[in-house]
Each structure stands twice: as C-alpha cells, then as structure tokens.
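Thank you all for making time this morning.

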Amino acid sequence: MLHTLSLSQLSHGLSQKEFSSVELTRHYLERIKRYDSSLNCYITLCEEEALAQAAAADKILATGSGGPLTGIPMAHKDLFCTKGIKTSCGSKILDNFISPYNATVVQRTLDAGMVLLGKTNLDEFAMGSSNENSYYGPVKNPWDLTRVPGGSSGGSAAAVAARLTPCATGTDTGGSVRQPAALCGITGLKPSYGRISRYGMVAYASSLDQAGPMTVSALDAALLLQVLAGHDSKDSTSLSRPVPSYSEKLTKNLSDLTIGIPEEYFTQDLDPAVGKVLQEAMSALERLGARMKSVRLPNTALGIPAYYVIAPAEASSNLSRYDGVRYGYRCNAPKNLLDLYKRTRGEGFGEEVKRRILVGTYALSSGYYDAYYIKAQKIRRLIREDFMNAFKEVDILLGPTSPTTAFKLGEKVEDPISMYLSDIYTINVNLAGLPALSIPAGSIEGLPVGMQLIGRDFDEMTLLSVGYQYQQITSWHQQQPTLFCE
Amino acid sequence: MNTTPQKTNSPIEWEAVIGLEVHVQLKTQSKLFSGAPIAYGALPNTQACAIDLGLPGVLPVLNEACVAMAIRLGLSIEGHIAPYSIFARKNYFYPDLPKGYQISQYEHPVVSKGHLNVVFEDGSVKRIGITRAHLEEDAGKSLHEDFSHITALDFNRAGTPLLEIVSEPDLRSAKEAVAYLKTLHALVTHLGICDGNMQEGSFRCDANVSVRPKGQSQFGTRTETKNVNSFRFVEKAISYEIERQIHVLESGGAVIQETRLYDADKNETRSMRSKEEANDYRYFPDPDLLPLVIAPELVESVKKNMPELPWEKQARFQSAYGLSAYDASVLTSQKPLSDYYEETLQRAPEDPKLAANWIMGDLSAFLNKENISIEKSPVTPPQLALLLQRITDGTLSGKLAKTLFETLWEEGGDVDTLIEEKGLKQLTDDDAILKIIEKVLEESPQQLQEYRSGKERLLGYFVGQVMQKTQGKANPQQVNDLLKKMLHPH
C-alpha cells in the first residue's frame with residue numbers, strides 16, 4: 001500500500017531501500033491507469049519520462065546523496081511549462097503546444113530528484129471553480145463522482161485525494177489551490193505572492209497568480225514548499241527573502257497564538273453545517289493552546305467585484321499572445337489577418353475564458369478605466385488594510401475555505417455569478433497577497449470540509465505549524481475516498 | 001486626401017506648430033527585458049529568445065543598463081528623473097508584436113520636463129522643451145517584400161530597448177525641426193546611448209504637425225507623420241505636411257486628426273488611419289514588473305560618469321583649438337566625427353584649424369561620395385595626422401597632399417613611404433631651386449627682357465615655369481622669393 005504513505009514516509013522508505021523509486025513510480029502509474037478513466041485528473045501521462053527519472057533517482061539514492069524528496073513521484077498542474085511535454089493549460093488553443101523550456105517550479109522539482117508522473121487537468125487557463133471549463137472535460141470529485149472537485153486546480157486536488165500521486169502543484173489566483181483542496185479533502189497552500197517563482201507558470205492574472213503545494217498533510221506541504229520556494233532572477237516579482245526550514249519548525253508551541261475569527265466569514269452566506277464543522281475545529285485548536293478572537297474585515301464583500309475587474313483585465317492582456325501566429329491553435333484557412341485573429345481565438349478559447357477577456361477588455365477601455373480598473377485597485381488596497389488591521393490583534397485568521405461542500409457537476413455552469421461566489425472566502429487573500437492554507441476539518445454527508453488559515457505576509461511557517469499540530473490531534477486529512485482505497 | 005499642395009498667395013500668414021517624437025535605440029548588449037543579443041542584420045529569428053517570442057509563461061526582467069542610459073539622457077537635458085516610474089502595457093494586436101502588447105511607460109515616464117537649446121543656422125538659439133522620455137521595447141518586423149501572398153515575421157528586433165523622447169510643440173518650421181533633431185542626434189551619440197544609425201533605424205522620428213494663423217494661441221488640429229527616417233526626409237515631410245494643411249484650410253476644409261505615412265519616393269504624406277480608427281491601447285501597469293525605483297545614489301553615480309556633452313565639446317573646440325563656432329559645431333555634430341578629429345589632433349597638434357579643414361573638406365567629401373561612415377574611413381586618424389604633419393613641416397605642398405590623400409584613400413599605405421616612392425616630396429632646397437630658376441631665365445630671354453623693362457606681372461610666368469619643371473614639387477612661395485631675389489639683386 002505504497003500510496004497510503006506520506007512524503008516523509010516515502011522519503012524514509014526510499015532511503016532505507018524498502019522500495020525503489022521505479023517501484024514507487026510504477027505503483028502510481030498503475031493506479032492512474034486503473035482509476036483515472038473515472039476521474040479525468042490527468043491530461044498527459046509521462047510514463048516513459050517518469051520511469052527514466054525514477055531510474056536516475058534510484059542511482060542517486062544508491063549513493064546516499066539524494067535530497068528529502070528524491071525519487072518521489074508528483075504531478076504538475078498543466079499550467080506549468082514542461083520542456084518537451086505538452087503544456088495545454090486546459091485549452092484547445094494550446095492543445096498542440098510543447099514548451100521548449102521548463103517552468104522554474106518544474107525545474108526545481110526535477111533538480112530535487114522528483115519524478116513527474118504527468119500533467120493534471122484544470123479549468124482552462126485556471127479560470128474556474130469547478131474544473132468544468134477544461135477542453136479535456138471535467139474532473140470528478142473522488143468522494144462523489146457526480147460532484148465537482150473544485151477548481152481551477154481540480155485535477156491536482158482529485159489526484160492527491162484519490163492517491164493517484166503523492167503530491168502535486170496547483171496555482172491559486174482567487175482560490176484555485178485552496179477551494180479544490182477543501183472540496184477534495186486534501187491540504188493546499190497558497191503561499192505569499194512572490195514566494196514561488198511564476199516563471200513558466202502560464203499567466204492568468206499576474207498580480208494574483210501564485211503556485212502552491214497540494215498534498216495530503218501540512219507536513220507534506222511543508223516538504224514540497226521547501227523545494228518550490230525561493231527567489232528566481234527570472235521573475236521580477238519573486239522576493240529574495242530567505243526561505244525558512246519549514247518542516248523543522250512545525251512543532252512551535254501554539255500557546256501564544258491568537259486566532260482571529262472574521263465576523264464577515266460567518267454570515268448567512270455560509271452553509272450552517274460548514275459553520276458547525278469549523279466550530280469543532282476551533283475547539284480543537286483551543287485544546288492546543290490557541291486563543292480565538294473575533295475580528296472585523298469590513299470590506300470583505302467588495303472583494304469579488306474588485307477581483308472580477310482586476311483578474312479579467314490582466315487576463316485580457318495576458319491572453320493576447322494566443323493569436324495563431326507563432327504557436328498553438330490556428331484556425332483553418334484564414335482569409336486575412338482579422339479573420340485569423342477572430343476565428344483562432346473564437347474557436348480556440350472556451351466560453352468562460354472569452355467571457356473574462358471581454359470583461360477585462362471592457363474594464364481597461366478608454367473611458368471606463370478609472371471607473372473600473374482604478375476603483376478596483378483602490379478596493380484592493382482597502383481589503384489589504386483590513387487584513388493588516390486584523391493582524392495587529394491576531395496572528396492568523398481562521399474561516400471556511402468554501403461556503404459549501406462540493407456541488408454537483410453542471411449545477412452552476414449556467415450561472416457564473418453563483419460560481420464566482422464560491423470563492424468568496426479565498427479571493428481577498430489573493431488581492432492582499434497573503435499566504436493561506438486549506439486543511440480538511442470535517443465531513444458533511446461524506447463530503448470533505450476545508451478550514452482556511454490566513455497568515456501574515458511570508459508567514460507560511462505559522463500556518464503550516466498550526467495545520468501540522470491540528471493534524472496531529474485529528475485524522476480528517478487521512479481519510480480517503482472509498483472508491484479509490486484499494 | 002491626396003491633393004498636391006500648392007503655394008497660394010494667402011492673406012493669412014500661417015504658423016506651423018511642430019512636436020517630434022524620437023525613438024532612440026539604446027546601444028546595449030541585450031534586450032530591454034531579456035538576455036537575448038541585439039545584432040542588426042543577423043539572420044531572421046536568431047536574436048530572439050522565448051521571452052522575445054512571447055511564449056506562454058515567460059516573464060520580463062528589466063535590463064538595468066537601459067535605466068542608466070535613460071538617466072544619462074535625463075541629466076543632459078536637465079530633466080526630472082522620476083524616483084518612481086511605472087512600466088505599462090500598450091495593448092494591440094499585430095503579428096510582429098509577440099505578446100499582443102508592448103511594454104512601455106505611460107503615465108509615469110522615467111524622464112520628464114527637460115529641454116534642449118538648439119542653435120539654428122543663423123546663429124540664434126531656441127530652447128525646445130522636452131515633455132518626456134520613456135523606456136519601451138521595440139516590436140519585430142513584418143516582411144512583405146520578397147514573399148508572395150504571405151507575410152514573413154522576423155522577431156530579431158522584438159524587445160530591443162528604445163528611449164522615446166517627446167518634444168513640446170515648440171518648433172515652428174521644418175528647418176527648426178531638423179535643427180532640433182540634429183542637436184538631439186549629436187546628444188545621444190555623445191552620451192554613448194545610441195549609435196545614431198538612421199539607416200538601420202537606431203534613430204527614428206515621428207512628427208506631429210499642425211498650422212494656425214500667426215498670432216492665434218490655440219493649436220490647430222494636428223496630424224502625426226510616421227516613418228521619417230533621415231534628416232532630409234524630416235524636412236521634406238514636414239514641409240509637405242505644412243503646405244498640405246494650409247492648402248486644406250485655405251480651400252475651406254478642415255484638417256483631420258490622423259496618422260499619416262511619409263512616402264519618400266513620391267515626397268508626400270498619406271493617410272494611414274484616422275482618430276476614429278485609432279486603437280484603444282488599454283494601457284495599464286504591467287503586473288509582471290515592479291515599479292522602477294531610481295535611488296538618488298544611482299543618479300549621482302551616473303552624473304559622475306557623464307561624458308562630455310556636444311555643446312560643452314563645441315565650446316572647448318572653440319576655446320582650446322581656436323575653431324570658429326561653425327567649424328566646432330560641425331565637428332561636434334556627430335560623436336564619431338569629433339572622435340576622429342581629436343584622435344588626429346592628438347598626433348598632429350600643430351595646426352587644429354588645418355586638421356578641421358581637412359576633415360570637413362576632403363575627408364567628408366570622400367566619405368559622402370562613397371557613402372561611408374567616418375568610423376569606416378579608409379584613411380585613419382593616424383594616417384591623416386602624419387599627412388598633416390608633412391604639410392606643416394613643408395615636406396608636402398597642399399596640392400601634393402591632396403594627391404597623397406587620394407592614394408591613401410584608394411590604396412592605403414604609409415604616408416612617408418608613399419612620399420618617397422611617388423616622389424611627392426616638396427623641393428625646398430634653395431640651391432636646387434635656384435638652378436632651375438637660372439635654367440628658366442636662360443630659356444626665356446624674351447620674357448626676361450620684357451620683365452626688366454617694367455612688365456612685372458611676368459614674375460608669375462617664371463614661377464609657373466619653375467613649378468612645371470619641378471612637377472609641382474617646389475614651394476610656390478619659396479620660388480617667388482628666390483626669383484625676386486635673383487631678379488632684383490641689391
């Protein structure tokens with residue numbers, strides 16, 4: 001049962017030669033072949049490459065010189081460029097795109113000796129909260145195949161939940177790591193903006209996008225974050241702050257910790273059953289010595305409208321490069337330049353992507369720019385100030401990750417606003433650039449519930465240590481969907 | 001709109017209002033936001049990396065060398081160097097624009113509020129305001145020629161650093177515009193931030209032109225004329241545009257705000273697109289780049305390493321070398337020209353005026369004739385310096401020096417060796433010349449007779465005869481003196 005082992009257990013087993021990386025990789029490849037047809041987590045499986053990487057890792061492990069994650073398989077969201085391997089972004093427009101270079105995140109996992117099993121499914125260009133916007137079809141929630149896994153990193157979340165990979169990367173622009181982590185019952189971290197390089201991570205909304213680890217536990221998240229985090233000279237927005245040794249400091253005493261409970265996160269918008277689960281989680285944290293304190297984040301409700309101006313505005317510009325000229329999909333027999341642009345983009349992009357390009361183009365247009373874009377930026381500052389004020393009184397904030405558990409496939413497809421509202425608790429964290437962790441905290445009718453912990457700038461450490469210690473006294477993170485236990 | 005402008009005798013006196021936007025290509029090793037090299041004329045698409053091609057996932061990283069160059073310009077025009085400026089995206093679709101946007105600066109440029117003192121031909125000086133200078137990346141090139149039914153794309157130029165320098169609408173004639181442009185050209189080449197090569201597009205100009213009745217303070221509707229890439233064309237294009245606008249207004253029409261393209265072959269401007277058709281560029285701050293923060297220390301360090309500015313150099317040329325204002329301004333109009341002059345002077349410091357005359361005269365004529373830039377001159381400063389020294393020390397006559405210069409230009413070689421080989425040495429020995437004079441007088445008894453009887457202008461005839469016998473190698477003055485001495489012994 002290699003797939004039930006945590007990253008640290010796998011690391012131990014590999015270094016003690018209890019199993020080889022090739023054996024481990026084969027095990028996961030077999031699981032993927034067995035189960036993924038029902039889940040649709042993977043867009044591309046890299047069997048040959050994975051086995052070659054595993055064999056190389058075994059050689060390194062044989063000399064005793066590997067790192068903590070050498071030889072451990074993993075998966076990348078198909079938004080990260082992988083040299084020689086298709087990078088589709090879940091879009092028809094990049095269905096034929098093979099990157100000539102590795103994203104920094106990908107290079108770092110390869111340098112750490114990790115094995116790339118494949119590229120996971122996602123909402124097209126990371127735009128979505130249900131993984132239903134993928135050109136490659138929706139991902140199913142391993143806890144209930146009629147439900148969504150969340151999005152946009154739905155493939156990574158479902159793959160980790162079903163143990164079709166020990167860990168994966170995701171990207172989070174408005175909740176795309178945390179919300180699917182919550183809906184699939186896994187641990188997902190959105191680090192502070194600038195903590196992980198964005199180079200080679202295909203841009204959706206550049207000022208909000210941040211990569212993050214998606215794992216079974218907080219400890220595993222700490223181990224993977226260690227590999228991913230750090231300054232990159234290729235990304236001007238990545239910070240050169242030192243990276244702490246995350247996994248070594250997880251046991252930091254919580255008796256001095258004050259946890260803020262934002263009033264605005266516990267209103268009628270929240271499913272009362274989810275609220276109840278969180279009350280129990282708070283009690284558990286109090287048993288660990290933490291104090292709860294009510295706080296206000298008065299501008300919370302402005303987050304979604306501000307986000308849906310800023311993110312589409314940036315996206316409308318970021319996605320201009322997909323024009324059928326240099327790479328990617330090109331429409332058949334264009335009559336002229338305008339026809340090339342119109343049909344390539346009209347046929348190559350999905351509905352949600354086109355909707356956001358239109359919204360963003362409008363928001364940046366002359367005459368509307370001040371009313372939309374500038375105003376949204378002002379709101380963004382207010383939202384960050386809310387958090388800064390709260391952090392004067394408390395060390396971290398606690399709330400729900402998502403207002404509900406996983407909803408049904410197709411339930412919100414026709415209603416974009418209701419879909420957007422499922423990110424109500426996660427979006428403001430991106431607008432403020434803060435780190436946040438979603439960890440499994442309970443279950444409602446067999447569906448996982450996520451708890452979100454929000455930290456100060458670059459204080460991933462506190463979030464991970466609270467998550468770790470919570471997971472020492474609870475077992476929600478160890479629950480596995482029965483369909484995929486074998 | 002394609003009427004031929006005609007001069008009319010109008011009752012209204014018109015005044016042109018001109019502002020120039022100059023794109024200066026910065027002389028750097030690599031691009032503005034990538035490490036790819038910049039080499040003009042390289043094979044297509046060999047100078048473009050993943051970032052220049054706008055591949056998915058790539059990010060720009062600012063080339064700091066370009067910032068230092070912008071500061072240099074800012075200091076030289078006494079402008080405001082923004083401690084905090086912003087890179088913005090200018091969004092539009094075009095096949096040679098890989099990302100679908102150009103990274104430029106919009107609301108917060110790196111340099112603003114500078115000025116340039118421009119000296120016009122008549123010696124008058126006018127202070128021309130410079131609104132702003134901002135950093136931006138160039139696009140690639142669409143190639144339509146040499147291909148049928150397709151457009152080929154060369155992305156070598158994509159991402160090349162440009163400094164766009166925008167003047168105030170302070171210029172009032174095509175001649176003023178050209179004078180401003182030449183001053184700016186001399187400045188950026190002296191600053192070492194641009195190679196100034198207009199043929200290769202390193203220094204490009206767009207002209208905003210409007211006309212108004214003289215005395216009116218309000219501006220007329222302006223047009224922007226693009227693609228004017230030589231001093232001569234700038235003058236022609238602006239003159240054409242002024243006349244065209246006056247003609248439109250005097251025929252009772254209205255000037256349309258539009259972008260026009262200058263066609264050098266036909267010497268006319270043509271409408272490219274009107275204001276209504278203009279792109280909405282949807283500028284917004286580029287989220288991939290941090291605000292450009294310039295610390296005072298950086299400005300100070302650039303200030304300490306400022307090269308001599310052309311007008312400073314011009315003043316020095318006048319005071320140190322005794323050159324006229326005109327000569328000094330010509331020699332400092334281009335950095336390579338002033339470098340050539342000073343390199344020559346270093347080796348032949350005796351007669352700065354002579355060096356100036358040779359460089360502005362013979363050398364320039366040869367360079368122009370064969371359309372060669374001075375850096376590539378076949379006659380090098382050391383060669384010219386030696387030639388000048390041989391004039392100063394009397395070895396060469398002016399006439400023989402010209403012959404030698406031609407040989408140097410055509411064949412190259414060592415000045416002294418050539419003088420020997422070709423027998424170009426000036427005859428300066430008194431005795432040798434006297435012998436020839438005696439011979440000439442012997443052969444011309446008739447003329448001698450006439451001279452002695454008062455026909456003194458025949459002295460010139462004798463000098464000519466001597467020069468002929470020496471194949472021009474004697475010094476005419478010396479011959480003159482010796483002749484007089486012989487004909488009029490005390």
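Predicted model: local features only at pLDDT ≥ 70, side-chain atom pairs only at ≥ 80, totals over all residues.

**A walk through two chains**

B:Leu448 sits in helix H13 of chain B, residues 445-452, where helices (H or I, at least four residues) and strands (E, at least two) are DSSP runs numbered from the N terminus. Between B:Leu448 and B:Leu459 there are 9.2 Å in space, C-alpha to C-alpha, and the two are 11 residues apart in sequence.

Residues are numbered from 1 along each chain as its sequence is written, and chains are lettered from A and ligands numbered from 1 in the order in which they are written.

Staying with chain B, we find it divided into domain 1 (14-298), domain 2 (308-421) and domain 3 (430-487), with bounds that come from an automatic or database domain assignment. The centres of domain 1 and domain 2 of chain B, taken over C-alpha atoms, are 34 Å apart. Each of these two domains of chain B gives 8 residues to the contact between them, where two residues are in contact if their C-beta atoms, placed from the backbone, lie within 7 Å. On the side of domain 1 of chain B that touches domain 2 of chain B, the most residues, 5, come from helix H2 of chain B, residues 174-190.

Chain B also holds an open sheet of 3 strands in the order E5-E4-E15, with antiparallel pairing; two strands pair if DSSP finds at least two bridges between them. Which are its edge strands, each pairing on one side only? They are E5 (101-105) and E15 of chain B. Strand E4 of chain B (residues 87-91) is joined to E5(B) by 5 bridges in the antiparallel sense, and there B:Arg89 stands opposite B:Ile103.

B:Arg282 has a positive phi of about 45° and belongs to the loop between strand E14 (268-274) and strand E15 (284-285) of chain B. Is B:Arg282 buried or exposed? B:Arg282 is buried, because 25 other C-beta atoms lie within 10 Å. In chain A, A:Cys89 has a positive phi of about 60°, and A:Cys89 too is buried, with 33 other C-beta atoms within 10 Å.

Chain A also has a cis peptide bond, with omega about 10°, between A:Gly151 and A:Ser152, and A:Ser152 lies in the loop between strand E3 (115-120) and helix H5 (154-161) of chain A.

Finally, how many residues of chain A are in contact with chain B? There are 34 residues of chain A in contact with 23 residues of chain B. To the side of chain A that touches chain B, helix H9 (303-318), helix H10 (337-348) and helix H11 (351-364) of chain A each give two or more residues, and the largest share, 3 residues, comes from H9(A).

Note on methods: Buried ≥ 20, exposed ≤ 12 C-beta atoms within 10 Å, placed from the backbone.
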